Structure formats: C-alpha cells, structure tokens
Amino acid sequence: MSEHFGFDLNLLRVLLAVHRWRSVSKASVELDLSQPATSLALGRLRKSLGDPLFVRSPTGMLPTARCTQVVESARKALTEIDETVQHGTVFDPATTRRDFVLTMADVGELHFMPRLMAHLQREAPHCNVRCETFPLEDIARALEDGRCDLALGFFPNLERPTLYTQTLFMHSLACVVRADHPEVRSSRIGLRKFLEMSHAVVIPMGRSGELFETLLKEKGYSRRVQLTSLHFLTVPAIVAATDMIVTVPRSIADYYTRVERLRIVEPPINIRPYALKQFWHPRYQSDAAVRWLRESVVQLFGSEETRLVRRP
C-alpha cells in the first residue's frame, strides 16, 4: 500500500509554516502547536514524501528542491480549499478557464449561440463552449451527472420536479416564402392557399415543430410536403429558388430573411406561443461558474416574464 494513501492535508500546513519561517519553533507558534508536535508532523511528512525537505545551514533551514516543488503545489491547493469551504467557489469570468457544455436543438443554436458567444468573448475570453446533442431521454441524466451544464430551448420532457426550470421568453412560429412569390403577396396567407402550396419541412424540427405538426393533425389538415430535410441551413436557399413555403420558429424566420431574399408571412392557423426555457440540476445550483452562465443567458435573452417557475 502506498505511503501517500490517506495523506493528511494538515501536514501541508505545517510544511508551509516551516518553509515561511525557516524555523520549527517559529512555525509552531503560528500553528499554535508545541514544538515537539510540529517536529513530529515534519518527520511524518519527510517519511511520506521520501525527502528530507529541509537541510540545516548557518542562516536557517534551507528547503530542498523537492520541498520547493511541494510547497508551490500545496499553497495553490490549500488556497482553493480554503476559498471553497469559507467563501464558496470563486469564479472570475475575466480570468477563469472553463469549458461549458450546453444542449439545444440546432434551431436553438442559431438563436442563442451568436449572442452568447459574443458575450463570452467580451466577458469570459478564456472560457469555451461545447454544444452537444443528447437523446431526449438522456438529457436529465446528463444535467445530473455534470456532462451538461444547461439545456436551452423547448423541452417539455424536462418539466419534472427534479430539475430547476426558468422561463426566458415566449416564442411562436412563422411562415416564410420567397420575396417575389407570385401567389403570396400580402403579409398573411389564407388557409386554403396555405394547404394548397408545396411545403418544406425540417425533420427533426425540434419540439416546437412537433407542436405544429400535432396541431395540423388535430384539425384534420393535410398538405403536400414536397421537401423533407434534415438541415435548417439549406432551407432558405431552397425556398428562395422555388414557390415553396416553410413554417419555422420566428427567430429562425428572421434569420432566413437576412441570408436570402425571403419574406415572412403570418400563418393561417392560430399557433399558441410556447416558452423557451433553461434547465439545470440542483447539484449545480450553487456552482459559481454555472450560475454566472445562467445569469448571462437571462441577461441576453430574458424578458419581463423571465422567472423561476419551479424549484425542486
């Protein structure tokens, strides 16, 4: 069995004191220990590390190379432990290096990530973000075990008592056609024309798309889906070159009109707005870095309706 198993961190405090004073007697005063107890602790540390740590000289106790190496590491480690125990984890976005993991639909990335990354570049330039896709049934577990820091978007399956849920804003769907569409000239399209047209549908469209498809089925509406695509980014160029129509989240419709000659029209069906939220696990409620990230998301995307709607 290794000598380092069950290592006593208090021995490192003795080492730091002796290193600072170059004297066992002075270190014992600082530590409020007797001199024999301090000498005994230093002896245990020497045995554990397999090094004399200090050698005597006319000017006092001189540290060995191994001692200097251990002192540097011990000082950093004990400082972090003290800060965590006494004051909680310190997170300075300007200097901290941290990798954040987020999960959202690809439409969510189009909406959230440009502004969020610009914010991090300004406020937390050394932090990185990784967007990962988890199976819907695995997202809650990923939040619990730390594989994911935040889930952003429309996730009805995460509305559960084991997670924190915060509403950011209400969202809706919109239709998009090419700017010079020959049959759709106004800002609103009638139901009959809507159902007669050829449609583009992105599959998977995210949970918001499921709302729309469910609504069509409930009302008994059928339409021709001329294009089914797996990719949101190809759709604007396709719609701009055809007479097709596509129904997407409004923020994505706005994005489409910026990259192609497209026009937004109001759908003929009353589609109730839905809430976009952020979700996290109670284990990381007090994590300073994740808390800063959550507050940044609210700062960037929150509305007057933003609130904690449920605490586990």
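**Helix 3 and its neighbours**

I'll start with a contact. Leu-11, Val-14, Leu-15 and Val-18 of helix 1 meet Thr-38, Ala-41, Leu-42, Arg-44 and Leu-45 of helix 3; contact means heavy atoms within 4.5 Å. Helices here are DSSP runs of H or I, at least four residues, numbered from the N terminus.

Some ground rules. This is a predicted model, where local features need pLDDT of at least 70 and side-chain atom pairs count only at pLDDT 80 or more, while totals for chains, interfaces and linings use all residues. Residues are numbered from 1 along each chain as its sequence is written, and side-chain values use heavy atoms, with hydrogens and water left out.

How do the two helices cross? The axes of helix 1, residues 10-21, and helix 3 come within 9 Å and cross at roughly 110°. Axes are lines fitted to C-alpha atoms, for helices over the stretch in contact, with angles from 0 to 180 degrees between N-to-C directions. Helix 1 and helix 3 are therefore roughly perpendicular (65 to 115 degrees).

Now helix 3, residues 35-49. Its buried residues (under 20% relative accessible area, 1.4 Å probe, protein chains only) are Thr-38, Ala-41, Leu-42, Leu-45, Ser-48 and Leu-49. They cover an arc of only 120° around the axis, which puts them on the same side of helix 3; the arc is taken from the directions from the helix axis to the C-beta atoms. The face turned away from that buried side carries Pro-36, Leu-40 and Lys-47, which are exposed (over 50%). Just after helix 3, Gly-50 has a positive phi of about 65°.

Notes:
Parallel < 35°, antiparallel > 145°, perpendicular 65-115°, else oblique.
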